[in-house]
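Please open the structure and keep it beside you while you read.

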Amino acid sequence: MGEHLTVSTGELDGFEGLHDAVKGSHVEVMQLERGRLRGTLSHVGIGDFSLSIGAFNVGVRTQRTSADDKLIIGMLLNATDRVTHWAFDMQPADVLVIPPSVEHDGVFHRASSYAAIRFDMADLPDIFGGDPRLADAETWQAKNHFRADPAIGMVGADRLPQIVSHLARYPDALSDASAQFWKRAIVDCVRATAITSLPPDGSSYLPSAMKLVRHVEDYLHAAGARPVHVSEICGELRLSRRSLHRAFHEVFGVGPVTFLRYKRLCTVREILRESTPDQTTVSRVAIEQGFIELGRFSQYYRAMFGEYPSQTLGYAG
């Protein structure tokens with residue numbers, strides 16, 4: 001008896017669509033670059049095994065909570081600028097290991113595309129049969145990054161979107177009998193890089209900047225939905241503005257003031273998308289998030305998301 005195979009593909013219209021960036025795992029997303037986020041998101045499901053492929057046109061920050069008990073093996077397919085996961089600098093075709101119940105932190109500075117395979121650790125012997133090291137759960141217990149040999153890795157990076165495109169175009173291929181074939185074809189795209197590459201060298205780590213940014217984000221998380229000024233962060237965490245600016249530029253490519261504004265804009269958008277005009281007003285939400293000059297706020301919002309805040313609120317209604 002084969003496993004049921006399904007495929008879906010759709011257009012992205014806003015960063016919210018990337019909450020489902022990995023099938024079966026909720027991902028928190030924050031937009032980091034101006035412009036309306038557009039792109040595509042596709043999922044292939046084979047029982048509890050899934051492949052997700054996403055592509056988007058602006059920079060984003062992604063986080064997965066530790067509640068997910070599945071293993072995720074990711075691959076960067078393409079990037080127009082820097083991409084980091086935790087403190088690993090990623091290049092196209094590199095493979096990322098996100099163990100079960102481990103929080104994930106990724107930054108895509110500009111337009112990028114990725115693939116993510118998600119499955120249960122108990123399935124490792126079946127999925128990586130014939131490769132004892134890869135079939136061993138110990139190999140996947142810690143977060144890791146495998147640097148790809150471009151000549152090898154890009155074959156898999158090119159192949160994964162082709163598989164999704166094929167399955168979406170030919171529904172007759174979506175039979176239970178063919179599910180195991182497609183599962184193995186998907187896994188083969190990351191297998192070579194995983195088995196042949198070495199751990200990344202020290203130049204791919206950004207430990208001090210990442211650590212400082214993590215402290216700031218912990219503080220922001222504790223603050224809840226209220227807006228936080230950069231001077232509050234410096235005072236509470238005893239940081240100089242220069243140190244804070246350098247760390248945020250290293251990790252995100254923007255300074256802390258811009259980062260905080262982007263974060264507040266994303267919060268406003270999420271509130272507006274969940275509200276209707278009879279429940280709230282744009283000005284009320286903007287002011288609650290620290291935007292005093294409503295004309296400038298509207299310009300920031302439109303530059304960021306490609307529409308006016310009143311359109312977002314009207315869309316919810």
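1. Start with E307. Its contacts, leaving out residues up to four places away in sequence, are R36, R269, Y301, R302 and T312. This is a predicted model, so treat every value here as computed from it.

2. Two of these contacts are polar. The side chains of E307 and R36 are joined by a polar contact of 3.0 Å. A polar contact of 3.1 Å joins the side chains of E307 and R269.

3. Where does E307 sit? E307 is in the loop between α10 and α11 (309-316). Is E307 buried or exposed? Its relative accessibility is 9%. Buried means under 20%, so E307 counts as buried.

4. Look also at G35. Along the chain, E307 and G35 are 272 residues apart. Their C-alpha atoms are separated by 9.1 Å.

5. Next, the aromatic rings. How many aromatic pairs does a search of the whole structure find? The search finds 13. One of them is F15 with F305, a tilted pair. The centres are 5.8 Å apart, with 35 degrees between the planes.

6. A second pair is F291 with F297. Their ring centres are 5.0 Å apart and their planes stand at 45 degrees, so this pair is tilted. F291 and F297 are buried. One aromatic cluster is formed by F15, F291, F297, Y301 and F305.

7. Now the surface. I287, I292 and L294 form a nonpolar patch there. Together they have about 290 Å² of accessible area. I292 is in the loop between α9 (282-288) and α10 (294-305). With a relative accessible area of 66%, I292 is exposed.

8. Finish with H109. This residue is in the loop between β10 (104-108) and β11 (112-119). At 13% relative accessibility, H109 counts as buried. Its side chain reaches the backbone oxygen of V251 at 3.1 Å. Not counting residues up to four places away in sequence, H109 touches E33, G59, D81, R82, V83, V251, F252 and G253.

Key: Residues numbered from 1 in each chain as written. Predicted model: local features only at pLDDT ≥ 70, side-chain atom pairs only at ≥ 80, totals over all residues. Heavy atoms only, no water. Patch = residues over 30% accessible without salt bridge, like charges linked within 9 Å, V, L, I, M, F, W, Y side chains within 5 Å. Areas by Shrake-Rupley, 256 points an atom, 1.4 Å probe, with all protein chains shown as cover. Salt bridge = Lys/Arg side-chain N within 4 Å of Asp/Glu carboxyl O. Helix = DSSP H or I, 4+ residues; strand = E, 2+ residues; numbered from the N terminus. Buried < 20%, exposed > 50% of the residue type's maximum accessible area, 1.4 Å probe, protein only. Polar contact = N/O pair within 3.5 Å; in protein donor to acceptor, adjacent residues only side chain to side chain. Contact = heavy atoms within 4.5 Å. Phe/Tyr/Trp six-rings, centres within 6.5 Å; stacked < 30°, edge-to-face > 60°.
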